[in-house]
Amino acid sequence: MQFEPVIGLEVHVQLDTKSKIFCSCSTKFGAEANNHVCPVCMGLPGSMPVLNKEVVNQAIRAGLALGCDIQRVSTFDRKNYFYPDLPTAYQKTQMYHPICIGGTLTIETEKGERRTINLTRIHIEEDAGKLVHGESIGASDSSYVDLNRSSMPLIEIVSNPEMHTAEEARLYMQKLRTILLYAGVSDCNMEEGSMRCDANISIRPVGETKLGTRVEIKNMNSFRNVQRAVEYEIKRQEKVLREGGSLRQETRLWDNDKQITFPMRSKEDAHDYRYFPDPDLLPLVVESDLIESLRKGLPEMPDSRKARFIDQYGLPKQDAELLSSERSYADYYEEALKTLNSPKPVANWIMSEVLRVVNDRACGIYETGITPANLALLVQSVEDGTISGKQGKELFQDMLASGRSPIDIIKEKGLAQVSDTGALEAIVKSVIEANPAEAERFKQGDKKLVGFFVGQIMKASQGKANPKLVNDILMKVLS
Amino acid sequence: MDILKLSLAELKSALDSKKVTALEVVNLYLDRIEKHDKDIKAFLHVAADSARAEAKRYDDMRAKGEMVPPCAGIPIALKDLIVTKDMPTTCASLMLKDYYSAFDAKIVEELKEAGYIILGKLNMDQFAMGSSGETSYFQKTKNPWDLTKVPGGSSSGSAAAVAAHLVPVAIGSDTGGSIRQPAGYCGVVGLKPTYGRVSRRGAVAYSSSLDQLGPIAKTMEDAAFLMDTLSQHDELDPTSCAQVPDSFHKNLNANIKGLRLGLPKNYLTDDVDPEVKSAVLAAVEVYKNLGAEIVEIEMPHADVGISVYQMIANAEVSSNLAKFDGIEFGYRADTNDLNKIYSQTRGEALGVEVKKRIILGTYILQIDQYEEFYVRAMKIRSLIRQDYDNAFKKCDLIIGPTSSTPAFDFGGKSRTPMEMYLNDLYTVSLNLNGSCGVSIPCGFTKVGMPIGLQLQGDMYAEQTLFNAAHAYQNATDWHKREIL
C-alpha cells in the first residue's frame with residue numbers, strides 16, 4: 001500500500017520590536033538573567049498588561065506580506081497552565097479571534113514544481129521565560145527561572161495541512177523566512193530561537209481523503225532539521241502501519257544527535273488549557289487606515305521582484321532567484337544599477353565576488369565595505385576597458401580592504417590602461433623594431449607569434465596597455 | 001472643633017488654615033486605632049511611624065509657607081489588596097503573608113500625590129472572596145454597631161474602620177457588592193464607581209472584568225471629594241476610561257427636582273427583611289418629598305444575576321489566582337518536587353472559600369463545559385446589560401435595598417453557602433452591567449443595626465448618582481447617628 005503524508009506547520013516567529021508585547025522592557029538578546037524584567041512580565045500581583053502597538057503593526061505587516069485577511073477586530077485569550085517559566089500561569093494569546101485569517105505561500109520544488117500552500121491563520125501571543133538547569137549558575141540539583149524572554153512578542157503562523165513531502169516543509173520554512181525578512185517583521189534566526197517550528201504529520205493511504213492520526217513534532221531548530229525530522233517521522237509512521245500497528249495521537253521531540261523523534265506526551269496527557277477571553281485586554285480594533293498605510297510601507301515581495309528582474313533586466317531565472325532571495329541582496333543590486341545600468345555584468349559581480357565575501361564572513365551584503373555605487377564604478381571600469389578583468393579582481397580586494405572608491409584607487413595606483421592609440425602605436429613600433437626577425441616571420445604567416453608580440457608590448461607598457469587596442473594596432477602595423 | 005465630625009473638605013480647610021496640624025489629626029486617628037481596633041480588628045497593618053513622619057513633613061511645609069498638595073494631611077487607609085511598596089499586601093491570605101510589592105498601585109500614587117496620609121492596610125475577606133469578612137486568614141473584623149455581628153464583606157475592614165472613626169475615609173473594592181454591602185451593614189457610604197473610572201493597576205485581581213476600586217466614607221460628600229482624586233485616566237490600565245470628569249465635589253447639587261427614580265417591580269419580594277423593606281419604602285417617600293418622580297421599572301433578569309456572576313467571576317478567579325503557585329513570590333510549601341510545590345503551596349496557603357471558587361472556575365472553563373457555562377453566562381450578561389439600558393431610558397437612577405437583610409451573626413450564614421451568595425442578589429447585577437452605584441444609610445433596625453439604601457446609576461452617571469445621594473443625606477440624619 002502506498003501512503004500519502006500530510007504535513008501542516010505551526011511556526012512561531014519573534015517579532016522585531018524594541019520593547020516587549022505588554023510592557024516597556026527591552027527585547028535585546030543576551031542580557032544577564034532577569035535584567036529585562038518588570039512587574040508586568042514578571043506577573044506580579046496587581047500588574048496589568050498594555051498591548052504594544054508596534055507588535056500589532058508587525059503582525060499586520062506579516063499578514064499583509066503573506067496575503068492574509070487582516071481582521072478589523074481580534075481578541076486576546078488566556079491559555080492556562082502551570083509551569084515555572086510562565087509567571088502568570090497563563091499565556092496571553094489569540095485563540096478565538098486571531099488578527100489574521102487565511103493567506104498563502106508559494107514554494108517551488110527542486111523539480112521546478114510550483115505549489116501554493118494555504119495558511120489557516122496568524123495570531124499574536126507572548127513568549128514564556130526559560131528555565132536554566134544545573135550548576136552553571138548555582139546548585140546542580142536546582143533549576144532557575146530567567147524571565148528576560150517572558151512576554152517577548154511572537155506571532156504563530158499556522159498552515160493548512162497541505163504539504164506532502166519533507167522537502168516541501170523545508171521549502172515552506174525557507175520561503176516564510178525570506179518573506180518575513182522582506183517585510184522586516186523578524187530576524188528569523190532559528191539558532192537564537194526567533195523562528196521555531198512545530199510540524200503536524202499524519203499519513204493516509206493514497207486516495208483516502210480522511211486525515212490519519214496526527215503526530216506533532218517539536219524541537220527542530222534548523223531548516224535541515226525540519227526536513228530530516230519530517231522525513232524520519234513519515235518513515236516511522238509508515239513502518240508502524242506496514243507492520244500492522246496503529247499510531248497514537250501524541251507529541252514527539254526531534255533528537256538531533258540521534259536523528260530520531262521520540263515521544264514527549266500522549267493525547268491523554270495533553271492539557272486542557274481552559275482558554276477564555278482575557279478580561280484585562282480589550283478587543284484589538286484595527287482601523288483600515290492603519291492597514292493601508294502599513295501595506296504602502298511594505299517593500300516589493302520576493303516573488304514579484306524575481307519576476308521583475310527577469311522581465312525588466314533580462315536576468316536568467318537562477319540569477320533572479322538568487323538576487324531576490326534576500327531583500328538586502330535585491331536592494332543592493334538595484335542600487336548598483338542606479339550607478340551603472342548594466343544588469344547582467346553587475347549581477348555577475350555581485351553573485352561571484354560580493355556574495356562570496358558575504359558567505360565567507362557570514363555578514364550582511366551591506367557590511368562588506370563595498371557600497372553598491374562603488375561596486376558599479378568597478379564594473380564600469382572593467383566594462384569600458386579602463387582596467388582589465390584581472391585588474392578588476394585585484395581592485396575588488398583593494399576596495400574590500402580599504403573601503404575606498406575604485407576611481408581613487410585606479411588613479412592613485414595608475415592602473416588605468418593605455419588606450420591612447422598614438423601612444424600605443426609608438427610602443428608597438430618600438431617593439432617591432434627591437435624584434436625584426438620575429439616581425440618578418442609573422443609577416444610570412446606565422447600568426448602564432450601574435451602572443452609573443454602582445455606579451456612584449458604589455459611588458460613595455462608595464463601592463464597598462466589596453467589588450468584589445470594592442471591587438472588592433474599590431475595587426476595594422478604588421479600587415 | 002470635633003475633628004471626627006468634620007467633612008474631608010472641612011478637614012482640608014482646617015489644615016490649610018492651620019487650625020489643626022496634620023500631626024494632630026494623624027495622632028488622633030492612630031490613638032483611636034490603638035484604643036478600639038483590638039476589638040474591631042479592622043487593620044492588618046498600621047503604618048504609625050511613616051504616617052507621623054509624613055504628617056510632620058506637611059506641617060513643616062505649611063509652617064514655612066511652602067506649597068503643599070491639595071489634601072495634605074488627610075488620613076486614609078487601604079483595603080489590603082492594593083499593593084504598596086512600603087507596607088505588606090496580604091490579601092488577608094497566608095499566601096501573601098509578609099509580601100511586599102515591587103511597585104505602588106496607581107491609586108496609591110494618586111493618593112500620595114494629593115497629600116493623603118496612608119495610615120495602614122485594612123482587613124478583608126481572603127482575596128476579596130466573601131460577604132462577611134470571615135474568610136480572612138488573619139482575623140475577623142467586627143461590626144462596630146454590634147461586635148457579635150459581621151461587618152459584611154469583602155471590604156470588611158474598610159467599612160468597619162470608617163464606621164468606628166478609626167480613619168475618616170477608606171478605599172475598598174467591589175466585584176459583586178464588596179464595597180456597598182459592608183457599607184450598608186456598617187452604616188456608612190460605599191461607592192462602586194463605573195468600571196474603568198478608577199485605575200485597577202495595583203489592585204490584586206479577583207475578577208478583572210468586574211473589579212472596581214472605590215471609597216467608603218461617612219457621607220456622599222466625602223466620597224465625591226475623594227473621587228476627585230481617584231478619577232484619573234491610567235494609560236497603563238487598558239480598561240481605564242479616558243474621560244476624566246470635572247470635579248464631582250464642586251458640582252454636587254442637592255436640588256433633584258424632576259429626578260426620575262426607578263423602582264423595580266420584582267425587587268421588594270417577601271425574601272427581603274421587613275425592616276429593610278420599610279426603610280427603603282420610607283426613603284422613597286423622602287425622595288418624593290424632595291421632588292423626585294418615582295417610576296416603576298422591570299429588571300427581568302435580576303434573579304439570574306447571581307448565577308451569571310458565579311460563572312464569570314469564578315472562571316476569572318481560576319486564572320487570576322493561578323500565579324500564586326509558590327514559584328516567584330509568596331508562600332512556598334516545604335518540598336522540592338515541582339508538582340508538590342504547586343499542589344501543597346496552594347493547598348496549604350489558600351483559604352477554603354478561595355479554593356472552592358478556583359475549583360468551580362476551573363470546572364466552568366473546561367473545554368466540555370465552556371460553551372454551556374462560560375459562553376452562556378456571557379450571553380446572559382448581555383441581557384442583564386440590556387435590562388439596565390432599558391431601565392435607564394425610563395429613569396435616571398434605580399432605587400432599592402443594598403442587601404435583603406441587615407448584618408447577621410458570625411458563623412450564622414457560613415454554613416449555608418447559597419444563602420451567603422444570595423446576600424449579593426441586589427448588588428452583583430450592577431457589576432455585570434459595569435455602571436456606578438452607592439449604598440447610603442437609610443435607617444436602623446429595632447436592635448440598632450444600620451440599613452443600606454442602594455442607588456444604581458448608568459455608565460459614567462456618577463454626578464447624577466452623587467447628587468441624589470447627597471440630597472438624601474441633606475434631608476436625613478441617619479449618617480449622623482453615633483455608635484454608643
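**Sheet and cysteines**

Modeller: Chain B holds an open sheet of 11 strands with mixed pairing, in the order β1-β3-β2-β4-β6-β5-β10-β11-β9-β7-β8. This is a predicted model, in which local features need pLDDT of at least 70, side-chain atom pairs count only at pLDDT 80 or more, and totals for chains, interfaces and linings use all residues. Residues are numbered from 1 along each chain as its sequence is written, chains are lettered from A and ligands numbered from 1 in the order in which they are written, and side-chain values use heavy atoms, without hydrogens and water.

Colleague: Which strands stand at the edges?

Modeller: Strands (E, at least two residues) and helices (H or I, at least four) are DSSP runs numbered from the N terminus, and two strands pair if DSSP finds at least two bridges between them. Here β1 (43–46) and β8 (293–297) of chain B each have a single partner strand, so one side of each lacks a neighbour in the sheet. The twist averages 30° from one strand to the next, with axes fitted to C-alpha atoms (for helices, over the stretch in contact) and angles from 0 to 180 degrees between N-to-C directions.

Colleague: Which strand runs parallel to β7 of chain B, joined by two bridges?

Modeller: That is β9 (397–401) of chain B; G262(B) stands opposite I398(B).

Colleague: How many disulfides are found?

Modeller: A disulfide is a pair of cysteine sulfur atoms within 2.5 Å; the search over all chains finds zero. For C436(B), the nearest cysteine sulfur, that of C241(B), is 11 Å away.
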